[in-house]
Amino acid sequence: MTTFTDPQQDGGFRLSMLLNDTRYRGLTFQFIALLLLIGFMAFLGMNLVSNLAAAGLNISYEFLGEPAGYDINQRLIDYTSQSTHFRAAMVGLLNTLLVAVLACLTATVIGVVAGVARLSSNWLVAKVMSLYVEAFRNVPVLIWILIIGTIVQQGPSPRVYLGDDPERGLFLGFFAFTNRGLTAPAPVWLEGSIWVVGVFLASIVGVFLYRRFVRKALYDSGRLYPVFWPSVAILLIPAIVTYFLLGQPIGIDMPDVLANRFNLQGGFEIQRPLIALWLALSVYTGAFIAENVRAGIMAVSKGQTEAAASLGLRPRRIMNLVVLPQALRVIIPPLISNYLNITKNSSLAIAVGYADITATLGGITLNQTGRAIETVLLLMLFYLMISLLISAVMNVYNASVSLKER
Amino acid sequence: MMTHTDIQSGQAAQASAAPSAMKVSDEIAIEIENMNKWYGTFHVLRDIDLTVRRGERIVICGPSGSGKSTLIRCINALEEHQKGRITVDGTVLSSDLKNIDRIRSEVGMCFQHFNLFPHLTILENCTLAPIWVRKTPKKEAEETAMHFLRKVKIPDQANKYPGQLSGGQQQRVAIARSLCMKPRIMLFDEPTSALDPEMIKEVLDTMIELAEEGMTMLCVTHEMGFARQVANRVIFMDQGQIVEQNEPEAFFNNPKSDRTKLFLSQILGH
Amino acid sequence: MMTHTDIQSGQAAQASAAPSAMKVSDEIAIEIENMNKWYGTFHVLRDIDLTVRRGERIVICGPSGSGKSTLIRCINALEEHQKGRITVDGTVLSSDLKNIDRIRSEVGMCFQHFNLFPHLTILENCTLAPIWVRKTPKKEAEETAMHFLRKVKIPDQANKYPGQLSGGQQQRVAIARSLCMKPRIMLFDEPTSALDPEMIKEVLDTMIELAEEGMTMLCVTHEMGFARQVANRVIFMDQGQIVEQNEPEAFFNNPKSDRTKLFLSQILGH
Amino acid sequence: MSDTHSESISFVRESFLPEVPPPAAEAGPVKWLRANLFSGAVNSVMTLLALALLIYILWGFLPWLLGGNWTASNIRECREIFQGSGAGCFAVLTERWNQLLFGFSYPPSEYWRPTLSLLLLAVVIAPVLFSHLPRWLLIVTALYPFTAYWLIWGGTIFTPVMALAGVIAGYFAYRRAVERGFAVGLLAGLVVALFVWWLGGLAAASEPDSLALERVPSRDMGGFMLNMILGVVCVSLSLPIGILLALGRQSSLPIVKWICVVFIEFIRGVPLITLLFVANVVLAYFLPPGTNFDLILRVIIMITMFASAYIAEVIRGGLAALPRGQYEAADSLGLDYAQAMRLIILPQALKISIPGIVNVAVGLFKDTTLVSIISMFDLVGMIRGPILASTDWNGVYWELFGFAALLFFVVCYGISQYSQWLERKLATDHR
Amino acid sequence: TTLEDVKERGKLNCGVTTGLVGFAAPDANGNWEGFDVALCRAVAAAVLGDPNAVEFVPTTGKTRFTSLASGEIDMLARNTTWTFSRDNDLKFEFTGINYYDGQGFMVPKDLGVTSAKELDGATVCIQTGTTTELNLADFFRKNNISYEPVPIETNGEAQQQYLAGACDAYTTDASGLAATRATFETPGDHVILPEIVSKEPLGPLVRHGDNEWGDIVRWTLNALVAAEELGVSSANVGEMSASAGDSPEINRLLGTEGNLGEMLGLENDWAKNAIMAVGNYGEVFEKNIGQNTPIGLARGLNAQWTDGGLLYSPPFR
Ligand SMILES: Nc1ncnc2c1ncn2[C@@H]1O[C@H](COP(=O)(O)OP(=O)(O)OP(=O)(O)O)[C@@H](O)[C@H]1O
Ligand SMILES: Nc1ncnc2c1ncn2[C@@H]1O[C@H](COP(=O)(O)OP(=O)(O)OP(=O)(O)O)[C@@H](O)[C@H]1O
Ligand SMILES: NC(=O)CC[C@H](N)C(=O)O
Ligand SMILES: [Mg+2]
Ligand SMILES: [Mg+2]
């Protein structure tokens with residue numbers, strides 16, 4: 001606030017100036033606001049103290065170090081019922097992040113496909129897609145989670161795969177879809193497998209290099225090389241060759257149908273709660289993303305497409321070179337806030353029995369220890385941190401892509 | 001949209017003899033036979049017949065909604081026609097993608113609202129199509145682009161973005177962008193009607209220069225000064241039909257159809 | 001932005017003797033002493049001294065960015081100044097809200113972009129401030145408003161919304177709106193520069209009429225015809241300073257400073 | 001027709017061609033089919049795929065829907081009737097519709113009351129939404145909260161009447177005192193209103209049964225009605241708070257601005273469910289000992305906070321869209337801050353923000369289902385709790401979830417269509 | 001105090017489950033019924049004289065304690081296990097035991113499992129926030145076998161998941177298992193395994209710190225138990241309380257002699273009201289969960305001490 005420094009020759013301070021003088025008025029209001037805020041906080045704080053005293057409770061985070069006592073079905077890090085509540089929270093946190101990241105990826109794919117399809121010249125496809133979008137946007141996510149949770153429950157019992165003479169064999173000899181989830185063979189890393197992985201990673205880099213090369217070739221000599229099949233070849237062939245050269249150092253751990261009579265053991269399992277939540281969040285948010293994508297593409301004026309077409313560009317190139325780069329600027333900011341929504345909505349995990357951080361820290365731990373204030377506070381802090389992180393990313397992005405104007 | 005004719009009238013008077021000086025070959029550039037187009041059940045273009053010779057410069061005018069833009073856009077296959085036949089440079093326009101591609105790379109088009117690509121620099125705007133369609137090496141494409149940018153007198157803006165240029169400059173970039181594809185025919189759809197008076201002059205100057213080099217041009221415009229100065233022929237359309245066509249001198253001074261007279265009185269009496 | 005001077009020059013020539021006919025009292029309306037203003041560290045106004053007598057009509061001109069708008073807006077307390085003293089009608093402009101309120105109700109302001117309230121009708125635009133600030137009964141306020149709307153010659157538009165009016169009409173409504181507060185001083189900040197030529201005339205006519213009734217006016221404008229016709233004094237600003245001030249006749253015909261000469265040659269030589 | 005000759009280019013049309021209908025292949029259903037469904041190989045395949053998908057879905061869905069049973073008295077009966085045919089057991093809806101819509105404790109004889117409130121809502125919302133209706137109808141709208149309160153919660157009519165009287169008295173006091181400044185007016189209004197409320201409270205307490213409807217405690221609200229109540233109440237309450245927050249965030253006073261920013265960003269950064277946990281398990285610790293809000297009220301407080309943060313952001317967008325000139329013009333006419341905001345800035349900013357506000361409202365309405373997680377019996381809670389757990393109906397998920405989805409879909413789709421219509425209207429309106 | 005609050009309100013807020021047939025569940029008309037519900041009604045009848053003056057607040061395993069702690073409910077009767085830490089850490093006062101229970105397992109019969117120890121590798125549905133969740137972990141750890149828990153929030157959902165085959169076994173209090181099984185279409189297809197892996201003394205609880213209120217709830221429960229022991233039932237209580245009989249304890253219990261009610265801060269006929277409203281313990285048991293109900297629980301441990309059970313009310317004296 002700049003102020004009139006000089007014109008106040010008359011000097012002297014009167015009380016009425018607190019309200020009437022632009023120099024003090026703002027300060028007065030802020031002071032009042034601050035007082036009110038502090039008063040309000042103090043009120044809450046005092047209530048808290050006296051309520052806690054009355055109930056004989058206190059605020060303490062010691063419970064985080066005590067054994068949790070309960071088991072969690074999906075653990076990305078080591079965890080047993082003897083681990084601490086803190087570790088249980090960590091398991092939940094990783095589960096939250098896992099489902100959020102997975103759902104962000106698939107929601108984007110679904111959203112982009114549906115958004116583009118909704119603009120399709122094919123009437124039926126466009127209508128089917130708007131049906132999808134409207135149906136999912138206008139029904140609460142919790143209902144979708146419950147419905148999809150129920151759908152996922154409809155699979156066969158794992159028992160049909162079990163035993164010497166199962167009712168049905170593994171799908172393609174490898175996979176089992178059951179009402180407990182999806183079981184697939186897991187890789188076993190034997191000696192030398194590191195090389196295969198290394199080669200594979202190098203191949204990924206190689207694909208990018210190849211794409212750079214194609215572009216450069218086009219720029220330098222005007223020759224346009226094929227992209228897709230060579231990329232596939234670069235990606236797969238070296239890894240496969242190394243794999244056989246080194247004597248097949250990666251084994252597979254097949255789902256074991258004989259271990260017990262309840263579940264398939266071994267292999268790699270994606271559990272039903274994860275599938276249900278992942279699917280529900282993806283299709284729900286996918287509908288929103290579809291709308292963003294559609295809006296983004298429509299924001300690129302028809303003139304742009306026509307101009308590109310009249311220059312002789314083919315539809316696919318028009319999409320890649322002209323429409324998408326412009327549409328992305330419109331699409332990405334709401335896309336990022338949709339990612340944030342996915343993260344926040346993943347807190348409904350318990351509805352399908354998924355052990356995210358709200359279910360572990362904010363659910364079981366809260367209940368077993370009775371530390372309501374502490375756990376809820378931690379929970380909020382965690383989500384707040386994620387959202388601040390995401391909005392920081394968004395700001396950086398927005399700053400970097402703003403169109404140059406006069 | 002016909003307020004700026006006066007600005008050009010001086011120039012036009014000086015150069016009114018010019019058009020005849022530019023040569024028109026006998027070769028046929030565009031031939032439109034009995035072409036009809038409907039939007040739904042609305043008959044936009046009715047039995048259009050038009051033959052354009054290589055080197056001809058044709059100005060199309062007519063009231064709003066008379067189908068001028070649609071005609072131009074049909075030639076470029078931006079719109080489909082439903083009946084009749086359009087032949088461009090010997091290629092018959094059909095729904096065959098190859099033919100459409102061939103024709104589009106022969107024909108450059110310049111829109112009322114420029115339609116530059118805002119996410120690319122001026123230079124990239126100009127080299128995009130040569131590189132990806134013509135497979136010209138980048139370097140060569142850039143040289144060509146700079147050549148045409150010099151021609152439209154804005155080589156120094158090459159690395160700016162369209163948003164940083166004035167309207168007139170943008171329209172000139174749009175012209176340069178079309179030229180970079182080395183088209184044999186240029187279509188203009190009211191290239192100056194979105195511009196301020198000063199900028200109109202810049203753009204018209206560029207177009208005149210182009211005309212003087214013998215480019216085949218179809219131009220929808222109401223800049224009568226421009227028409228007088230460069231056109232071999234002025235076509236007047238109304239209700240989807242060609243109502244009158246003539247040499248500019250005769251067209252302006254001695255219109256035959258009543259509609260043309262009415263139209264001219266409106267835009268010139270201003 | 002100085003393209004329209006020629007339109008007024010004819011009128012101005014006829015009426016160039018007029019200003020002296022209007023009376024200027026000895027009472028001081030605005031007194032600015034040694035006023036300085038900074039935006040951050042940028043010194044926009046430097047040691048401005050200016051005395052305006054009641055009934056005086058002052059035109060302020062100068063290149064873009066010279067601080068004209070800032071000066072005008074300081075008088076109205078839309079911007080704060082950091083040094084020096086502004087006295088309007090005997091009230092010293094200080095940070096005291098009462099003083100600011102008093103001064104604002106003495107001083108009417110008219111913006112380049114009119115800034116009418118689009119959600120209110122013309123009549124409501126005009127009665128809003130009288131009703132809420134002056135506490136005039138609604139009926140009376142409407143009568144006054146109609147009076148001034150008649151004066152700016154658009155009483156029949158009273159129940160339309162600003163969006164339905166042309167630019168010139170909007171600017172006249174803006175003037176009427178200011179007048180409804182019965183200000184003793186009017187400030188104009190380039191009131192015509194957002195308008196089309198025809199509309200400029202409408203607005204200038206209104207302002208001339210106002211001037212003839214003896215309103216004290218400070219007007220930032222490049223309409224030299226207007227300046228010649230109504231101003232008692234023309235002030236030329238550059239880089240935040242008053243470079244030259246004089247009677248219009250002397251100012252235009254015989255500028256003293258080199259800068260003024262340069263500036264005048266640019267805007268008049270057009 | 002070729003009148004052009006290579007020698008003479010001059011051509012004048014004498015006879016005008018009539019407009020003719022397009023060739024058969026270019027119009028009618030054939031053309032439509034070709035253009036819209038089978039315009040190329042890829043497109044044809046996509047059409048067939050979409051068709052197959054639709055048929056597949058309908059194949060499963062239609063028999064389930066059409067073959068469904070509406071009269072059985074429990075799931076066993078349904079199963080007996082269907083013999084495994086997989087049709088829907090919609091009898092659960094006929095049997096339990098009242099619980100789904102009103103919860104299980106709202107007295108059935110009083111169902112007309114919330115129903116009437118809902119119908120009234122549809123009527124009184126009209127003048128807010130459709131600007132061409134006469135303005136005086138807004139008064140009816142203003143009366144609605146009091147009527148609806150009385151209808152839904154019951155009790156003596158004195159309570160809402162006195163509340164209304166307090167508001168009116170406060171308003172007049174404000175009008176009288178506002179001459180001396182906005183703050184004085186506000187204070188006077190508040191004092192008078194509080195006084196009248198206090199009097200009214202005494203009056204209502206002394207006459208608890210005159211003109212009384214049967215009293216229904218908040219706890220007895222349930223089912224879809226609870227979702228509606230939460231949605232409507234929280235959105236309405238959050239509007240004024242959201243406006244204040246938005247203004248605060250735009251303020252030039254750093255402390256005020258800072259408080260608003262922290263509040264808004266905090267609320268927007270955490271999931272609603274954590275706020276509901278706060279309402280459910282933590283809030284009581286922060287209230288004075290002995291105060292005992294019921295859960296509904298605590299939930300309303302938290303959801304309102306949640307909604308107001310989002311609405312504040314929408315309104316901030318509206319405020320930012322206004323040109324600076326509007327503020328300056330208001331200033332230069334001598335309007336003070338409160339007047340400028342009330343008369344000039346907010347009317348315009350709110351109008352721009354309406355579509356955004358509607359979006360927030362729809363989102364919030366959907367989110368009211370989360371209260372089922374803290375064991376409130378809203379529509380979803382009702383299904384997940386008593387109905388699915390009951391002996392009679394455990395196992396009928398699809399019918400129940402489908403019904404819930406349908407209810408929400410109808411309401412939300414209706415609102416969002418309306419908002420799109422409004423957006424179009426705003427875009428074409430003369431500002 | 002809570003008693004004053006309840007009296008002023010005219011209603012008792014009683015926390016129950018979101019639905020466990022036999023213990024607490026609303027019927028089609030929304031009336032709550034069940035074993036726990038009866039206790040709430042008895043307390044309401046004792047305090048307010050009206051067994052219907054109860055507001056039933058459904059709670060999940062997760063929300064029950066916070067509801068009680070925050071004062072939203074006056075008492076919790078939600079088959080809640082009395083444990084040390086709930087008493088001392090969460091600061092609740094258990095006012096007695098109305099059902100002696102233990103944790104059991106239920107599995108589909110066709111699974112062929114006969115002992116919980118055979119459940120190695122099974123998927124087990126478990127309600128979160130319960131003692132059974134912790135017991136489950138302990139049981140499997142102790143026997144060194146593995147399992148996959150599926151956390152569930154309410155009994156209703158557990159039922160759904162279990163029936164859909166999403167878990168092989170469902171574990172909770174044995175009484176809860178029986179109640180759950182009773183709602184199944186074909187209860188006979190499911191067996192409750194013989195192992196009882198924990199002690200689950202279930203009882204009503206109130207907040208720490210309000211002993212008067214705690215006593216009311218405690219002695220209302222005791223009154224029901226004592227009534228059964230003394231042969232007072234809903235059928236004969238009216239007659240017996242009309243005038244003092246020849247059993248001094250019955251007289252004291254029913255308020256025809258002495259002033260026990262006054263000592264509790266209630267009317268003297270408090271126990272009569274409670275018994276009249278719901279019957280004695282035995283009646284409550286038989287009506288809601290006994291052998292003749294679909295749930296079909298035997299009295300077992302919950303028989304009177306005179307019949308070899310554990311029910312043993314302190315004397316009314
Ligand atoms: N995509 C479309 N669908 C339906 N009708 C259209 C479409 N595009 C144009 N039209 C109609 O076709 C007619 C001719 O349009 P066109 O744009 O060719 O006119 P024009 O002569 O270029 O007019 P203007 O001078 O206004 O640009 C108009 O009546 C217009 O409304
Ligand atoms: N809010 C501001 N913050 C910083 N600098 C400003 C601000 N407003 C104006 N300026 C600068 O102050 C100088 C004077 O501005 P002012 O608007 O008064 O010029 P002007 O003479 O009215 O010009 P014009 O003819 O373009 O309106 C300019 O250099 C401008 O960039
Ligand atoms: N099943 C339940 O909800 C109760 C479980 C157990 N008796 C407990 O108190 O934790
Ligand atoms: Mg056109
Ligand atoms: Mg200015």
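Which helix of chain B holds Leu264(B)? Leu264(B) sits in helix 11, residues 258-268. The model is predicted: local features need pLDDT of at least 70, side-chain atom pairs count only at pLDDT 80 or more, and totals for chains, interfaces and linings use all residues. Residues are numbered from 1 along each chain as its sequence is written, chains are lettered from A and ligands numbered from 1 in the order written, and side-chain values use heavy atoms, leaving out hydrogens and water.

**Leu264(B)**
- Leu264(B) is buried, at 5% relative accessible area (buried means under 20%, with a 1.4 Å probe and protein chains only).

**Shell around ligand 1**
- Residues around ligand 1 include Tyr39(B), Phe42(B), Pro63(B), Gly65(B) and Glu190(B) (a heavy atom within 4 Å qualifies a residue).
- By class, the shell has 4 nonpolar, 6 polar and 2 charged residues.
- Strand 2 (42-53) and helix 3 (68-75) of chain B each supply at least two shell residues (DSSP runs: helices are H or I, at least four residues; strands are E, at least two).
- Helix 3 of chain B gives the largest share, 3 residues.

**Polar contacts of ligand 1**
- A polar side-chain atom of Lys68(B) lies 2.8 Å from a ligand 1 oxygen (a polar contact with the ligand is a pair of N or O atoms within 3.5 Å).
- For Thr70(B), a side-chain N or O atom is 2.4 Å from an oxygen of ligand 1.
- Ser66(B) uses a polar backbone atom, 3.2 Å from a ligand 1 oxygen.
- The protein covers 58% of the 630 Å² of accessible area that ligand 1 has on its own (Shrake-Rupley method, 1.4 Å probe).

How values were computed: Buried < 20%, exposed > 50% of the residue type's maximum accessible area, 1.4 Å probe, protein only. Polar contact = N/O pair within 3.5 Å; in protein donor to acceptor, adjacent residues only side chain to side chain. Nonpolar A, V, L, I, M, F, W, Y, C, P; charged D, E, K, R; others polar.
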